[in-house]
Amino acid sequence: MDFQRAYEILLIGAVIILSLIIFVCFIRAVIGPRIADRIVAINMIGTLTIMMIAILALLLGEGYLVDVSIIYAMISFLAVVVLTKIYLGVYREIKSKEAEKQQKEGEL
Amino acid sequence: MEWIRFLLAAFFILIGVAAALIAAFGMFRFKFVLNRMHAAAVCDTCAILFVMIGLIIISGFNFTSLKFLLILFFLWIASPVSSHLISNMAVATNEHIEEECLVVPPKSEER
């Protein structure tokens with residue numbers, strides 16, 4: 001029995017279905033009414049990409065592509081941390097400025 | 001022997017892809033952010049677990065399998081932290097949080 005062909009069909013099928021799921025998550029990232037929706041969608045796209053790179057590393061027979069997926073995992077984690085902290089800081093700054101403005105208008 | 005390996009690997013990879021499909025379905029089904037985040041994070045973790053186990057079975061007793069395990073452990077540690085930070089931000093910047101979920105004030109405020 002020729003298992004090489006069977007493995008290829010299985011792995012290529014998995015990669016195709018995962019790429020369709022990534023496309024569906026992109027729609028959620030564009031539609032999502034709040035910012036947290038978009039960050040959740042991007043996080044999930046990152047995890048699906050890690051799975052796809054790992055599967056491709058076995059398909060092409062190149063062992064070093066797995067290192068790329070490890071680094072991608074770290075970068076996507078870092079991106080989520082930075083995005084949430086920045087947005088929280090910006091939101092609090094806007095709120096404090098509005099509170100100051102209302103205080104000044106209240107005094108006048 | 002080859003049959004067993006192929007069938008086991010196919011079983012695990014297909015279950016992993018099915019879990020990812022359930023995650024994508026859940027993201028469109030729920031109405032609020034916190035529910036969607038829960039569906040995405042939990043099903044995503046399960047999907048990557050099964051896919052990595054399938055890939056380890058295909059690859060055999062190798063250094064590449066160790067790298068797959070390393071990816072898995074790093075994602076298991078990093079993904080809950082990401083979910084916690086996202087939900088923190090989603091609750092702190094939402095003024096109408098009472099519509100979405102039950103808000104219980106901390107006990108120190110009641111005294």
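Biologist: Before we start, which conventions apply here?
Modeller: Residues are numbered from 1 along each chain as its sequence is written, and chains are lettered from A in the order in which they are written. Side-chain values use heavy atoms, without hydrogens and water, and in this predicted model local features need pLDDT of at least 70, side-chain atom pairs count only at pLDDT 80 or more, and totals for chains, interfaces and linings use all residues.

Biologist: Happy with that! How many residues of chain B are in contact with chain A?
Modeller: Contact means heavy atoms within 4.5 Å. On the chain A side there are 47 residues, and on the chain B side the number is 43.

Biologist: What residue of chain B meets A:Asp67 in a salt bridge?
Modeller: A salt bridge needs a side-chain nitrogen of Lys or Arg within 4 Å of a carboxyl oxygen of Asp or Glu. The rule finds three across this interface. In one of them, at 3.0 Å from N to O, the partner of A:Asp67 is B:Lys67.

Biologist: Which element gives the largest share of the side of chain B that touches chain A?
Modeller: Helices here are DSSP runs (H or I, at least four residues), numbered from the N terminus. Those giving two or more residues to this side are H1 (2-29), H2 (33-59) and H3 (63-92) of chain B. The largest share, 15 residues, comes from H3(B).

Biologist: How do H3(A) and H3(B) run, roughly parallel or roughly antiparallel?
Modeller: Axes are lines fitted to C-alpha atoms over the stretch in contact, with angles from 0 to 180 degrees between N-to-C directions. The axes of H3 (residues 65-107) of chain A and H3(B) come within 9 Å and cross at roughly 10°. Angles under 35 degrees count as roughly parallel and over 145 as roughly antiparallel, so the pair is roughly parallel.

Biologist: Within chain A, how do H2(A) and H3(A) run, roughly parallel or roughly antiparallel?
Modeller: H2 (residues 35-60) of chain A packs against H3(A) at about 175°, with the axes 9 Å apart. That angle makes the two helices roughly antiparallel.

Definitions and conventions: Parallel < 35°, antiparallel > 145°, perpendicular 65-115°, else oblique.
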